[in-house]
Amino acid sequence: SSISQPTVSNAILFNILSRGESTPKRVPQTCHCEKRKTVCLKTPGETCQTASDVLVKTVHFMKSLPAFQQLPPKDQLSLLQNCWAPLFILGLAQDRVLFEVHDSPAPSMLKRILLNGRETPSSDPEQPTLAGVQTLRACLKKFWSLDLSPKEYAYLKGTVIFNPDVPGLKASLFIEGLQYEAQHALKEVLVPLHPEDRGRFARILLTASALKTIPPSLITELFFRPVIGQADLLDLLIDMLFSR
C-alpha cells in the first residue's frame, strides 16, 4: 500500500496540471485568429461611392482654407500626406457613414497554384483585418457619442490639418500658430453650445488622438482599393489638391 500511494497522488497531480494547461491554450488562439481575419466591404458599390464623396469633401475643405493656400506647396503636400486619413475618418463620423464587412473570399485554387503560396490575400499585410475595422468602428462611435456640431467638426479638422510636428515643414512656426488658433476657436465655440460641460474640450481632443491609431493603409484598402485598383491613392489626392 505504501508503493501505490504516490501513484494515486501523481494521477491527481497529473489531472490538475493537464486540466490547468489545456484551458488557457485554446482561448487566446481562437480569439487571435478571429481578429487577424481579413475582411472586405459587404456592399462595395454603395459604400465606396459614399467614401469617395467623403474624400472629395475632405480635400475641398482643405483647399477652401485661405491659410492653407498661403503655405508653400511642399508644406501643403506634407500636411496632406499626414492628415488625409484622420480627416477622412472625421468626415465619416460627421456624415454618420455606416458600413458592413464580411470575410474576404479565399483565393481560387488556380490563383493559389499560380502564386505558389506567395502573396495570397490572407498573408498580405495590407489587407484590412477584422481587428483594424473594429478599431475604426470604436473610434467612430466615440465621435458619435460626443455628437459634435458642424462648427465643432470644422475647428477640430483645423487642429488636425495644421500639425506643426510633421517633419520637414518650412513654415512650421506659422502652422503652429494656425493650430493654436483652431484650438482656441474650438474652445470658444463650446462655451455657448455646452456652458455646463467644462470637460468637453479635453474629451474632444482625447477622442481625436485616437485617429492616429488607424493606419491610412486600412482606409485605402477597405474603402478605395476596389475602385482605384493598383493606382496610388496619394497621387490622386495630390491631383485633387492642386487642380484648379
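Let's start with two helices that meet: helix H6 (residues 130-146) packs against helix H10 (residues 216-228) at an angle of about 100 degrees, and their axes are 11 Å apart. Angles of 65 to 115 degrees count as roughly perpendicular, so that is the word for H6 and H10. Keep in mind that this is a predicted model.

Who does the touching here? On the H6 side the contact uses Gly 132, Val 133 and Leu 136, while H10 brings Leu 218, Ile 219, Leu 222 and Phe 223. Sorted by class, the residues in this contact of H6 with H10 are six nonpolar, one polar and no charged.

H6 deserves a look of its own. This helix has 17 residues and reaches 25 Å from its first C-alpha to its last, close to the 24 Å expected at 1.5 Å a residue. Its buried residues are Leu 130, Gly 132, Val 133, Leu 136, Cys 139, Leu 140, Phe 143, Trp 144 and Leu 146. Among them you'll spot Gly 132, Val 133 and Leu 136, the residues H6 uses to meet H10.

Now for another pair. Helix H2 (residues 44-63) and helix H4 (residues 73-94) have axes that come within 9 Å and cross at roughly 125 degrees. That angle makes H2 and H4 oblique to each other, and their crossing is right-handed. From H2, the residues involved are Ala 51, Val 54, Leu 55, Thr 58 and Met 62; they meet Leu 80, Cys 83, Trp 84, Leu 87, Phe 88, Gly 91 and Leu 92 in H4. The class count for this contact of H2 with H4 is 10 nonpolar, two polar and no charged residues.

Here are the two pairs side by side:

| Helix pair | Angle | Axes |
|---|---|---|
| H6 and H10 | about 100 degrees | 11 Å apart |
| H2 and H4 | roughly 125 degrees | within 9 Å |

Which loop holds Arg 96? You'll find Arg 96 between H4 and strand E2 (101-103). Its phi is near 50 degrees, a positive value in a residue other than glycine. With 44% relative accessibility, Arg 96 counts as partly exposed.

Asp 147 sits in the loop between H6 and helix H7 (150-161). Is Asp 147 buried or exposed? The relative accessible area of Asp 147 is 52%, and the cut-off for exposed is over 50%, so Asp 147 is exposed.

Terms used
Residues are numbered from 1 along each chain as its sequence is written. This is a predicted model: local features need pLDDT of at least 70, side-chain atom pairs count only at pLDDT 80 or more; totals for chains, interfaces and linings use all residues. Side-chain values use heavy atoms; hydrogens and water are left out. Axes are lines fitted to C-alpha atoms, for helices over the stretch in contact, and angles run from 0 to 180 degrees between N-to-C directions. Helices (H or I, at least four residues) and strands (E, at least two) are DSSP runs, numbered from the N terminus. Angles under 35 degrees count as roughly parallel, over 145 as roughly antiparallel, 65 to 115 as roughly perpendicular and the rest as oblique. Contact means heavy atoms within 4.5 Å. Ala, Val, Leu, Ile, Met, Phe, Trp, Tyr, Cys and Pro count as nonpolar, Asp, Glu, Lys and Arg as charged, and the others, Gly among them, as polar. A crossing is left-handed if the near helix is turned anticlockwise from the far one by less than a right angle, and right-handed if clockwise. The expected span of a helix is 1.5 Å times one less than its number of residues. Buried means under 20% relative accessible area, exposed over 50%, partly exposed in between (1.4 Å probe, protein chains only).
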